[in-house]
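Here is a short briefing to keep beside you while you look through the structure. Take the topics in any order you like.

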Amino acid sequence: MTIITDALTYLAYILIFPGFLFCFLSGMLLCGIDRKLVARMQKRVGPPVLQPFYDFFKLLGKETIVPAAANKTVFLMAPLVGLAAQVVLQLFIPVFSFHAFRGVADVIVVLYLLLIPALSVILGAASSGSPYAGVGLSREMVTVLAVELPLVLVLLAVAKTVGNALGTGLCFSLTDIVRCQMENGSLITRLSMIPAAVAMLLIIPGETGSHPFDAAEAETEICEGMLAEYSGAPLAVYKLSHAVKLLTMTTLFTALFLGGIGGGVQQLVSGLAPSLAGGIAIVLEIIILFLLSVVLVAVTVSFTHAVTARLRIEQLFKFYWTVVTGLAAISVVLAWYGL
Amino acid sequence: MFKQLITESMSKSPWLFHINAGSCNGCDIEIVAVLTPRYDAERLGFKLAGSPRQADIVLVTGPVTKQSLPRVLRAISQVPEPRVIVTMGSCPQSGNVFRGSYSVAGPLSKYVDVDVDIAGCAPKPEAVIDGLAKAMGILAEKRAAMYKKDGKKAPAEPVQEVIAEEAPAAQAEVPVEAAQEGGEQ
């Protein structure tokens, strides 16, 4: 009996709450809010907030063309693999006190899973046989390489700080990172963690490939780069995958630096009856998470999109390996000295 | 219900692919004007697609020169169904001031089924938005026609065949005439 209920619970996790349905709805909504915000910042009316949903369903209704030069299996499977990895990643990131798969995966797994969507786009582009996709994928590889180093340093700084607080040296478990923050306050309130938080904020637009770090998908110079040959349903899956990535990166930021808010929510509901408190806490936490995601997207993706022009690929690489890596390294050093 | 959702979305998210078939750049500038804050076509869901594979509406400007004709037809045939072909300005409709020139192969309607013509030299942004709004409606109609009520896919539209027939013929014309000109000299 418990096996059946367990299986049903996990199925609900995968398909509904932090899984597919939640990712689809909130990722697309985030994407729509981003487009609306950029338009408002440029004094335009902008598309409706539901525009990404229209785009998605329209693309599903279009003809899917597979180029004659493409490897059909890889070309069509790559978007699905990318989306699946993206959703799995979302399952492993805790929503404050709620954690779908507790103790299974830690920060290292998150690091690996973050790479798979980028790799799947690269694979799909490489199999499409288009020279534009070739240029795009070489740029995407450089972008991934550029973003990875500061991201690892940020995670190291967080792991060391939490490890110091818990007395375990390095703490790579996301559950423990969030729990520690719920007890001791958010990491962003520590002075030593502020450079790492800023670095993480700069990593978000690079990881999601938005302006000014979108050299790999430059639609004006290399015909959308890696997506040049994609049409119809596979393109819709890529667009969805990109939308979910926005959600994943902001959720990861919330888990790493703003986990203390979960403690506040727990205090808020502690006066209620225990049977009610759990449910209300989760609903509150989801709403807070989504609002925080909107704010983070507005600051990191929409604002930078509206005020900057696209960087060349070597400028992008230099920026990440000097400024962003430097910021993250400051936090690592401070964390090692126990500040 | 799902099909209805797709058909409705079809008229709300038209992505444009712009082809310059020997245009003087006047119409191309007006396309940019349509995307500026004053007119903002994005509020209707318009987006300039970088690749013809991702487009729904093909916007052709210019009188379709002999050099550009095979490329225009190739680009149009790469746009997935359902697609709508819109000509912008007087040039692709009639040839405009370039009519009768040795290098002009237009009008475009000789080679493909044009759905909407936006007249003007260059058309005002209001006229462009009006024409594109009509194209959005045609896009949804084409999608609905692609799938009949029994859910089976309707036969493909003849646009593809026209391109397949005309494109080699158009390419073949060029060397013949070039040879004639050489002979006269």
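**A buried leucine in chain A**

Leu327(A) counts as buried because 22 other C-beta atoms lie within 10 Å, and the cut-off for a buried residue is 20 or more. Please keep in mind as you read that this is a predicted model.

Around Leu327(A):
- Leu327(A) has its place in helix 13 of chain A.
- Leaving aside residues up to four places away in sequence, Leu327(A) touches Pro195(A), Ala196(A), Val198(A) and Ala199(A).
- Glu207(A) is 120 residues away from Leu327(A) along the chain, and the C-alpha atoms of the two are separated by 17 Å.

**How confident is the prediction for chain A?**

- Chain A has a mean pLDDT of 84, and 99% of its residues reach 70 or more.
- Among the elements of chain A, helix 13 (residues 313-336) has the highest mean pLDDT, at 90. The lowest, 70, belongs to helix 9 (residues 219-222) of chain A.
- A word of care when you zoom in: where pLDDT is low, predicted coordinates should not be read in detail.

**Where the chains meet**

- On the chain A side, 27 residues are in contact with 18 residues of chain B.
- Helix 3 (51-60), helix 9 and helix 10 (232-257) of chain A each supply at least two residues to the side that touches chain B.
- Helix 3 of chain A gives the most to that side, with six residues.
- Sorted by class, the side of chain A that touches chain B holds 11 nonpolar, nine charged and seven polar residues.

**Chain B at a glance**

- Six helices and five strands make up the elements of chain B. Their order from the N terminus is α-β-α-β-β-α-β-α-β-α-α.
- Of the 185 residues in chain B, 42% are buried.
- Looking at contacts in chain B with a separation of 6 or more, 82% are between residues 24 or more positions apart.

**Strand 1 of chain B and its partners**

- Strand 1 (residues 15-20) of chain B pairs in the parallel sense with strand 2 (residues 47-48) of chain B, over two bridges. Here Leu16(B) stands opposite Leu48(B) in strand 2 of chain B.
- Together with helix 2 (residues 26-35) of chain B, strand 1 and strand 2 of chain B make a right-handed β-α-β unit.
- Strand 1 of chain B also runs parallel to strand 3 (residues 57-61) of chain B, and five bridges join them. In this pairing, Ile19(B) stands opposite Val60(B) in strand 3 of chain B.

Note on methods
Residues are numbered from 1 along each chain as its sequence is written. Chains are lettered from A and ligands numbered from 1 in the order in which they are written. This is a predicted model: local features need pLDDT of at least 70, side-chain atom pairs count only at pLDDT 80 or more; totals for chains, interfaces and linings use all residues. pLDDT is the predictor's confidence in each residue, from 0 to 100. Helices (H or I, at least four residues) and strands (E, at least two) are DSSP runs, numbered from the N terminus. Two residues are in contact if their C-beta atoms, placed from the backbone, lie within 7 Å. Ala, Val, Leu, Ile, Met, Phe, Trp, Tyr, Cys and Pro count as nonpolar, Asp, Glu, Lys and Arg as charged, and the others, Gly among them, as polar. A residue is buried if 20 or more other C-beta atoms lie within 10 Å of its own, exposed if 12 or fewer, and partly exposed in between; C-beta atoms are placed from the backbone. Two strands pair if DSSP finds at least two bridges between them. A crossover is right-handed if, with the strands pointing away from the viewer, the path from the first strand over the helix to the second runs clockwise.
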